[in-house]
Amino acid sequence: MTKYKLAPRFILNALKERNKANLTIPSQIYKARSTYRSSLRGPYTEMQHLLKLIQQENYVYWTRRRENSDVLRDIFWTHTDCIKLLNTFHFVLICDSTYKTNRYRLPLLEIVGVTSTSLTFSVGFAYLEQERQDNFIWAFEKVRQLFKSETLISKVIVTDRDLAMMNAISVVFPTSIHLLCRFHIEKNVGARCKQYVKKDRQEEVMDLWKKIVYSSSVEEYDHHLQHFELVCADIILFVDYVKDSWLTPYKERFVNVWTNRVMHLGNTTSNRVESAHWRLKNMLQTSLGDLCKSWDAVNMMLKNQICIIQYSFQKTSKDVEHGCNSSFFQSLHHCVSRKCFKKIDKQLQRVKIVGTDKTICGCSIRTTHGLPCACELAKLQISGNVIPLDSIHVFWRTLSLENFLEDEESLSDYDFSEELEAMKAEGENQGSK
């Protein structure tokens, strides 16, 4: 029960439920839990036990030590199924660090991707000594090594504005398009708006900001920006902040007119990785545990995650999305994900307004998602054709895990098994003395 994160009070209740005469008290539960955990670790130190757990579960991992020392600086690990998912759904990566997962306050870098069924999967995790460019470069280099070939390297990477992480990504993934989290940018702009703008004008100013962000053309962007500068002419400090901190250096990374030119699959924020942090912390239950407890929570989370993803593939292969049973969709049934059906159905709802006019349509979903847009669907309906399967990007047609790993062991740069056995033997010898 301790292994599966059951709290002591629930363990006590379970024992008394099984045996009404049981006189166990809470302190005995805590002592038994401590004895159990000590027995698992044996003579190993915390870091030795962590590496042992990683090897026992056949994880792929790398470590980095301080110069001329056995002290570990950084550790990166991932599951073999996560590597398969990465090479299958390699188009977008979302990265962020989280805190309060261990007693040492080490930042945990988490990288996630997205499947064709719109589920988040974990690519890898790294405990870093510090959040400096050098540490991020090392971690991202390990992520790059997980790709089977250079052609599979992610085309889009989404983060918040962490300058050290951004610089590391530009070094390790120079050909990838780096987007910034639109949600965090809006929060930062909103905070400055409250600081500089009077309360009765804040809503109006933020509406103007959103129009800039969601501009669908360069002309529209310039128009909204000029209107924003005109309305906010009396709050020049806020205008300067918006332009100097966000629009001038980064507009191509979060404004619609530029982000709509890349296939980001709808990922313009880091919300997916933030949700992954939340799930991990729910599994962890405490921020004061050691690294072994943290890894154990990650391990259980990944097993649940992979199971849910595989179920989603099976469900898609068997079921047809409600409302998409017509002959117009017949070539897509059981061949594309249900999320794909939903997005196409939304485009169909636009057909009455858009028709075959590309100017009104915008065709953004073709470039951002690899799916037929409203004007494409209108032309198909007029000609009496069904939606062809080859008009759907391969991402949405992938409904299984392919085995990309020919030699999984080659991915780890060091095998600690002999050292661990030697340390164990040394500990037993010291104990006998």
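This is a predicted model: local features need pLDDT of at least 70, side-chain atom pairs count only at pLDDT 80 or more; totals for chains, interfaces and linings use all residues.
**Entry: Ser-245**
I looked up Ser-245 and found it in helix 10, which covers residues 236–250. Is Ser-245 buried or exposed? Its relative accessibility is 19%, so I noted it as buried, since the cut-off for buried is under 20%. Next I set aside its neighbours within four places in sequence. Ser-245 then contacts Arg-161, Asp-240 and Tyr-250.

**Entry: aromatic pairs**
I searched the whole structure and got 16 aromatic pairs. One of them joins Trp-246 and Tyr-250. Trp-246 and Tyr-250 are four residues apart in helix 10, so about one helical turn separates them. Both are buried.

I then checked Phe-328 and Phe-329. Their ring centres lie 5.8 Å apart with planes at 80 degrees, so I wrote down edge-to-face. Phe-328 is buried at 12% relative accessibility. Phe-329 is buried at 2%.

I also noted an aromatic cluster of Phe-89, Phe-91, Phe-313, Phe-395 and Trp-396.

**Entry: charges over rings**
Which residue lies over the face of Trp-246? I found Arg-161 there, 4.1 Å from the ring centre. For Trp-258, I found the charged end of Lys-251 over the ring, 5.8 Å from its centre.

**Entry: nonpolar cores**
The largest nonpolar core has 72 residues. Phe-329 turns up again here, among the members that touch the most others. Leu-109 is also among them. A second, separate core has 28 residues, including Val-189, Cys-193, Phe-228 and Trp-258.

Terms used:
Residues are numbered from 1 along each chain as its sequence is written. Side-chain values use heavy atoms; hydrogens and water are left out. Helices (H or I, at least four residues) and strands (E, at least two) are DSSP runs, numbered from the N terminus. Buried means under 20% relative accessible area, exposed over 50%, partly exposed in between (1.4 Å probe, protein chains only). Contact means heavy atoms within 4.5 Å. A nonpolar core is a set of buried Ala, Val, Leu, Ile, Met, Phe, Trp, Tyr and Cys residues joined through side-chain atoms within 4.5 Å. Rings of Phe, Tyr and Trp (its six-membered ring) pair if their centres lie within 6.5 Å; planes under 30 degrees apart count as stacked, over 60 as edge-to-face and the rest as tilted. A charge sits over a ring if NZ of Lys or CZ of Arg is within 6 Å of the ring centre and within 35 degrees of the ring normal.
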